[in-house]
Amino acid sequence: MLRTILVVVAVLLAGVTAFIVSAWQIPAAMQPDRDGNRSWLIENAVLLDPATGAARPEASVLVVDGRIEWLGSGAVPAAADGLNRIDAQGRTLLPGLIDVHVHVFDETDLAAGLSHGVTTVRNMGGMPFHLPLAARLERGDILGPRLITTGPILNETGGRNGNDLHEAVAGAEEARAAVRRQYAAGFRHLKVYSNLSRESFAAIRDEAAALGMTMSGHPVEGTEADPLAFEASLDAGLRTLEHAESIVWYGLDDDTDPDRMRALARQIAASGTVVDPTLVVHENLARIVETGGAHITRPEMAGYNPVIAGFEREGWAFWSDYQHDDRTRMQAFYVAFTGALHEAGVPLTVGTDSGVMVSPHGVSTLREMEILVEAGLTPLEAIQAATLNGADVLGMDGQIGCLAVGCAADLILVDGDPTQDISRLHDLEAVMRDGRWFDRDRLDDLSEAATHPSSLRTWWRLGQHQLAIR
């Protein structure tokens, strides 16, 4: 009898172990070839340089150890001798895309981004696993976009817009301590949220400056008892001010008067603040309302993290039953406001809030760029927002988002001319990330891998995060 019990227990333990191992493993498509080539000669391409807007036909790019060593027309350097060659067949080669506002909960989020040409992301809500994951990506231990991350989201205790993923602080002393903890943990970028108090926000700003950390985030509103003027967010030195929706809410009190809209745009321009509009995430909310919830089940949602979906389901139900048209009207206003920002000279970036509120990774980046064009940017300006401007706010100007000698070999190859039709970015033929070449078949493998997020990993990481911020 005892032997039978032991056998049953052993079988159960083996099954549980096998399940955990299987659930924890990343998809094979994300595992790199350790001996993979990172030096290439790409030939017969149309080189699109966002810095100049010039398109150079019948050109070549020499990549050595993941960096651009030469590019041009005519005879190639001797260093190209013996390298593997890629015939671009007259397609357009341009820098990989930078999404400066995503939420990564699982490695498969990275596969989704890379499969759509996103080669760098900024995660806007750090957890303990993000810094080691960024290091794994940097070493090439796992395939995916370059990952920059803020620390945990900083918000005031009892704030109106708080949630369990925020690191809540109450006053200046706790705020300074939180910044120091994040710095000690290895974070170098901070995200501030809307309900920070005047004292907490000032303490975070001062401590960040002392430690050399950057700040980005929502317009900070202060508390109901002591509200902060909108100008406080423009004077704080934020790398990016997030969300057209949040700016309209606090800067205009949701007033859609066009004169006030343009005046606010001019005020933001005069401050030198960079705005990350994230128009696609509210568009998705509007589409949920318009379709009675059908938008939630569109094919692009195949890889949406089921744990996050569980947390959001109550909100989805609310918006699916919502009977008013104000979300559609406000979305149109957010797009118009973004156009006014651009017209006033405000630098814009491409961010999406991917990973939350039915905004899938990768495809949302492309849609955000399309909406920027709808707002009045030219396709080239939308590409610049997703390359040069993103690199600038991340402090990586001249390293990523560029097509020049010395830049990282993070490149995308597309059919047609995206400066004439931004939707051409959907016609992705290949991606190069740090000199690793992903042809269409490899991209399809990554896209399939993106549909298998691990609930086990996500729950474990959320638990670690809760322990870290308490």
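**Note on cavities, a disulfide and a hairpin**

1. Helix 2 gives the largest share of the lining of the second largest cavity, 3 residues. Helices (H or I, at least four residues) and strands (E, at least two) are DSSP runs, numbered from the N terminus. A cavity is a set of points, on a 1 Å grid over the protein atoms alone, where a 1.4 Å probe fits but cannot get out; lining residues have an atom within 4 Å of a point.

2. On provenance: this is a predicted model, in which local features need pLDDT of at least 70 and side-chain atom pairs count only at pLDDT 80 or more, while totals for chains, interfaces and linings use all residues. Residues are numbered from 1 along each chain as its sequence is written, and side-chain values use heavy atoms, with hydrogens and water left out.

3. The second largest cavity holds about 50 Å³ of space. Its lining consists of D99, V102, V104, D109, L110, G113, V118, V121, P145, H361, G362 and T365. Two or more of these residues come from each of strand 6 (97-102), helix 2 (107-115) and strand 7 (118-123). By class, 6 are nonpolar, 4 polar and 2 charged. Here Ala, Val, Leu, Ile, Met, Phe, Trp, Tyr, Cys and Pro count as nonpolar, Asp, Glu, Lys and Arg as charged, and the others, Gly among them, as polar.

4. How many cavities of 30 Å³ or more are there? The count is 3. A volume is the space filled by probe spheres set on the points, and grid points are joined across faces, edges and corners.

5. The largest cavity holds about 60 Å³. R122, T150, H189, L190, T214, S216, R239, V393 and L394 line the largest cavity. Strand 11 (189-192) and strand 12 (214-217) are the elements that give two or more residues to this lining. The lining has 3 nonpolar, 4 polar and 2 charged residues.

6. The whole structure has 1 disulfide (a pair of cysteine sulfur atoms within 2.5 Å). C402 is joined to C407, S to S 2.1 Å. The link is left-handed, with -125° about the S-S bond.

7. Strand 2 (residues 55-64) and strand 3 (residues 67-72) pair in the antiparallel sense over 5 bridges. Pairing requires that DSSP finds at least two bridges between two strands. V61 has L71 in strand 3 as its bridge partner. The hairpin has 2 residues between the strands, and D65 takes a positive phi near 50°.

Key: On a 1 Å grid over the protein atoms alone, a cavity is a set of points where a 1.4 Å probe fits but cannot get out, and a pocket is an open set with protein on both sides within 12 Å along at least five of seven lines; lining residues have an atom within 4 Å of a point.
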